[in-house]
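Let's walk through this model together, starting with a single residue and moving on to how two chains meet. Keep the viewer open as you read.

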Amino acid sequence: MMNGLIRQLSDIVSNYGLPRDFVVQASFYVIAGLACVFAFGVVAMRNIFHCAVSLALCLFCIAGVYLFLNAEFLAVVQILIYVGAIVTLFIFAIMLTSNIEDRSIRQANRQVLVSAAVAAAILSFFIFIIIGAPWKTAAEGTATAPGLEDIGRALMSAYALPFEFISLILLAALVGAIVIGKAKKQ
Amino acid sequence: MIPQNHFLILGAVLFAMGLYGALTRRTAIGILMSIELILNAANINLITFNKFIGGPDGLGQVFALFVMAIAAASAVIGLVLVIAVYRNMKTIFTEKMNILKW
């Protein structure tokens with residue numbers, strides 16, 4: 001059973017007489033398809049600024065996919081961290097380095113065909129494995145989706161040490177970014 | 001409801017596109033963007049398995065949070081390196097960054 005935000009939204013939809021399962025599934029496939037389209041835009045567009053905007057939209061769609069996985073907290077964190085911070089950082093980096101927005105500059109190297117073949121081969125291999133694998137799935141209803149409270153408890157009890165290491169990594173990244181990015185004294 | 005395989009295939013497609021981008025982009029910024037796509041594909045898989053197979057107290061979602069934090073740190077360091085290289089060499093094209101070769 002679905003719970004969480006998608007459940008509530010589908011309740012609202014079914015109040016208008018629409019078939020609930022169809023609406024949920026159709027909206028999932030639309031969002032997943034949009035994520036794939038924008039991801040293709042990230043890797044294929046020529047203007048790198050458009051690529052950054054496409055990356056933002058793709059990450060937004062992935063946040064929507066998280067909603068279908070009952071991970072509302074991660075969806076919000078995805079929008080905050082990725083769309084809010086990382087894409088902004090990418091756009092700053094694009095602005096600070098000049099003349100790469102020009103359409104006449106080639107954005108891809110000479111290995112396009114080989115890379116596409118490798119990516120397609122790996123993708124078909126993955127799909128083959130995913131379809132063929134006998135996934136051990138929990139019976140409906142027994143696998144309870146963790147709520148925000150469970151995640152907070154886990155971060156403060158069982159995974160407290162990795163949590164602290166993450167804060168250390170972020171601090172190191174902060175200091176390292178300042179040291180590397182600082183302009184040299186003339 | 002939506003089966004597990006469809007989430008996993010979405011993750012595989014995003015991974016393949018990120019791999020293609022990382023292999024073909026000429027600019028370091030484009031490569032970093034493709035790596036972000038790959039990390040997101042990994043996150044989708046983690047949360048999918050957490051939902052469908054279950055696990056102790058939301059392990060998959062906690063792991064996805066860690067992946068996001070490390071992705072943020074790596075993006076910061078990568079972009080600062082791009083800016084530092086640009087300041088010294090006036091280019092961000094990866095084939096021009098070859099002064100470590102002899």
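Does A:Met95 count as buried or exposed? A:Met95 has 11 C-beta neighbours inside 10 Å, so the residue counts as exposed; the label needs 12 or fewer other C-beta atoms within 10 Å, whereas buried needs 20 or more and partly exposed lies in between, with C-beta atoms placed from the backbone. You will find A:Met95 in helix H4 (residues 72-96) of chain A. Its C-alpha atom is separated by 35 Å from that of A:Tyr29, 66 residues apart along the chain.

A word on conventions: this is a predicted model, where local features need pLDDT of at least 70 and side-chain atom pairs count only at pLDDT 80 or more, while totals for chains, interfaces and linings use all residues. Residues are numbered from 1 along each chain as its sequence is written, and chains are lettered from A and ligands numbered from 1 in the order in which they are written. The predictor gives the complex an ipTM of 0.91 and a pTM of 0.88.

Now look at where the chains meet. Helix H7 (residues 160-181) of chain A packs with H3(B) at an angle of about 10°, their axes 9 Å apart (axes are lines fitted to C-alpha atoms over the stretch in contact, and angles run from 0 to 180 degrees between N-to-C directions). The two helices are therefore roughly parallel to each other, a label for angles under 35 degrees.

Definitions and conventions:
Helices (H or I, at least four residues) and strands (E, at least two) are DSSP runs, numbered from the N terminus. Angles under 35 degrees count as roughly parallel, over 145 as roughly antiparallel, 65 to 115 as roughly perpendicular and the rest as oblique.
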